[in-house]
Amino acid sequence: MKKSSKLVYEENPEKVERADVVVGISSSDSAEFIGHTAEQAASGLLDYFGSKNSVIINVDSDSRDRTKEVFLGTTTEVPKVYLSTPPGTKGRGHNLRNLVTKAAELKAEAVIVVDAAFKSITPLWIKNLGEPIFSGFSFVSPLYLRHKYEGVLTSGIAYPLTRVLYGRRVRQPSGGDFAFGMTMAETYLHHPTGGEKAVQQAGIDVWMTTLAITQGVPICQSFVGRPNMQRSPDGVMPQVSAFVDVVGTVFDLMGFFQERWQKVKWSKPTAVFGFGMGEVEAPPLLEVSEADLYRAFLQGFSQYQTLWESLLDTKTFNKLTEVKNLPVAHFSFPSELWAMIVFRYAVAQSNQLTDRQTLLESLLPIFHGKSLSFVKKTERMSIQQAEEYIENECMIFEEMKSYLAADWQGKQ
Amino acid sequence: MAKILVVDDEEHIRLLYSEELREEGYDVITAEGGYRLLDRIDREHPDLVVLDIKMVDYDGLDLLQDIRNKFYDLPVILSTAYDTFKEDMKSIAADFYVVKSFDLGELKRKIKMALEARASE
């Protein structure tokens with residue numbers, strides 16, 4: 001996370017110069033939601049961190065919809081600061097870079113990050129994310145109660161891959177709500193991989209989580225209930241840009257941390273904080289179009305078949321072709337095949353076998369095929385049963401890690 | 001030699017696990033329940049805990065939370081007669097779970113994996 005040479009726009013009407021606890025609200029054209037988020041954050045700070053100096057910072061991506069006016073105009077007992085990227089610069093990674101820089105300037109002990117688009121945020125989120133930092137943890141990752149088809153980018157690739165690489169089970173490595181202490185803030189400010197383009201965008205969350213895992217600092221997961229997003233970027237068909245940024249960031253970091261992940265065997269759990277949220281509303285039903293997923297998978301063959309043939313070994317490519325020939329009613333994408341393809345792609349990105357953007361975009365149709373299989377296999381399952389299915393897939397990734405290590409060593 | 005603490009309120013399970021795990025080369029100590037369990041762990045420094053979930057006087061998942069809070073990195077394998085406990089999210093703080101059986105192959109495999117995971121860091 002390199003410091004920007006560009007000026008950051010700041011409004012600090014109450015001239016806040018020190019704070020023990022910072023709540024950072026990341027936004028981009030969020031005028032509709034940010035008032036509610038700021039009110040909930042202020043209540044959480046007053047209810048649970050009342051003895052500490054606190055501040056709410058809106059880190060904004062040059063919004064044009066009065067986000068700043070709504071934020072600063074929301075009445076709260078906690079002081080507020082508004083920061084924005086320079087005109088024309090957008091990206092969640094830029095927002096969080098500004099937040100970390102400002103939190104370091106304020107000498108904050110704890111930084112709690114929430115997204116402006118969550119309408120389900122309550123004061124308990126602030127408690128559950130912030131308290132572990134004052135109990136000795138350096139990084140707190142969120143645990144959500146989500147519909148089984150929400151967040152497939154996380155459950156299908158970001159989670160299994162970070163888990164198999166670094167041996168730590170952090171269920172939401174690209175979750176947008178988390179907390180960290182100043183040890184991690186220093187790491188974020190000075191880490192050499194912080195300048196990557198994907199890290200300045202949607203890759204930021206998985207980057208921050210991966211750095212926390214690899215630093216060996218105490219980390220925990222905190223239950224924050226159901227994330228009800230106004231605009232979900234990570235449904236069953238993730239946006240291309242989010243997919244490229246998140247997966248690309250995980251692959252990029254494999255190069256930097258190669259000595260570490262090659263030594264890791266199996267995985268271990270991460271402590272959990274924040275039970276006792278009371279009854280959490282069940283997530284709403286999520287409509288999934290199997291036909292859309294199937295079509296997107298098949299379209300990948302028209303667009304990327306030649307590339308896939310060159311990237312994958314013959315056995316893996318032939319298996320993928322067998323999957324293609326299955327009718328949607330009997331569609332099944334073996335987890336072992338998915339793991340093998342992900343591993344091949346990771347090595348291919350490291351080898352720069354093809355243009356990075358094209359490479360990552362070409363993985364997305366295969367991911368849609370894998371997601372269709374997940375939807376079909378888990379359609380009659382409860383959330384908990386689907387979670388077990390994901391855990392089993394992660395074990396398959398772990399059992400196959402030797403293939404990744406061999407392939408990686410072979411490239412050198 | 002890794003030291004394993006078996007926590008179970010059923011004597012025959014403690015005996016079975018102790019005998020079989022000692023044959024595997026582990027040093028085994030046992031506890032009947034959760035009373036002063038954290039003190040025991042503090043004193044005897046086991047490398048891994050095999051924890052029964054349903055004991056007469058203790059809830060194994062609450063004990064798991066207590067262990068995690070104090071001994072952040074200590075591997076814990078949940079041992080249970082039924083797998084309905086997975087409905088409780090607290091169970092994700094365990095390294096693994098095994099369903100109780102007289103064939104301890106799965107337990108031994110999970111113990112090996114949990115110890116290897118710690119050793120590989």
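Not counting residues up to four places away in sequence, A:Leu404 touches A:Leu165, A:Met254, A:Trp261, A:Phe343 and A:Val347, where contact means heavy atoms within 4.5 Å. This is a predicted model, in which local features need pLDDT of at least 70 and side-chain atom pairs count only at pLDDT 80 or more, while totals for chains, interfaces and linings use all residues. Residues are numbered from 1 along each chain as its sequence is written, chains are lettered from A and ligands numbered from 1 in the order in which they are written, and side-chain values use heavy atoms, with hydrogens and water left out.

- A:Leu404 is found in helix H15 (residues 401-411) of chain A; helices (H or I, at least four residues) and strands (E, at least two) are DSSP runs, numbered from the N terminus.
- A:Leu404 counts as buried because its relative accessibility is 0%; buried means under 20% relative accessible area, exposed over 50%, and partly exposed in between (1.4 Å probe, protein chains only).
- Although 60 residues separate A:Leu404 from A:Arg344 in sequence, their C-alpha atoms are 7.5 Å apart in space.

**Nonpolar cores**
- The largest nonpolar core has 98 residues, of which A:Val22, A:Phe180, A:Tyr188, A:Phe251, A:Phe333 and A:Leu363 touch the most other members; such a core is a set of buried Ala, Val, Leu, Ile, Met, Phe, Trp, Tyr and Cys residues joined through side-chain atoms within 4.5 Å.
- Helix H12 (residues 335-351) of chain A gives the most to this core, contributing 11 residues.
- A second, separate core of 30 residues includes A:Ala38, A:Phe49, A:Val114 and A:Leu129.
- Leaving aside neighbours within four places in sequence, the contacts of A:Phe180 include A:Val100, A:Glu109, A:Ile133, A:Phe139, A:Tyr188 and A:Met208.

**Interface of chain B and chain A**
- In this interface, 21 residues of chain B are in contact with 24 residues of chain A.
- The two chains bury about 2000 Å² between them, 56% of it on carbon and sulfur atoms; buried area is the accessible area (1.4 Å probe) that two parts lose on being put together, summed over both.
- There are 2 salt bridges between chain B and chain A, a salt bridge being a side-chain nitrogen of Lys or Arg within 4 Å of a carboxyl oxygen of Asp or Glu.
- B:Asp73 and A:Arg168 form a salt bridge through their side chains, at 3.9 Å from N to O.
- The elements giving two or more residues to the side of chain B that touches chain A are helix H3 (60-70), strand S5 (96-99) and helix H4 (105-119) of chain B.
- H4 of chain B gives the most to that side, with 5 residues.

**Buried residues in helices**
- B:Lys110 lies in helix H4 of chain B and counts as buried, at 11% relative accessibility.
- Residues up to four places away in sequence aside, B:Lys110 touches B:Ile77, B:Phe96, B:Tyr97 and B:Val98.
- A:Asn98 belongs to helix H3 (residues 92-105) of chain A and counts as buried, at 5% relative accessibility.
- Beyond its neighbours within four places in sequence, A:Asn98 is in contact with A:Val8, A:Val59, A:Leu83, A:Ser84 and A:Thr85.
- A:His94 is also placed in helix H3 of chain A and counts as buried, at 10% relative accessibility.
- Not counting residues up to four places away in sequence, A:His94 touches A:Thr85, A:Thr89, A:Gln200 and A:Gln201.
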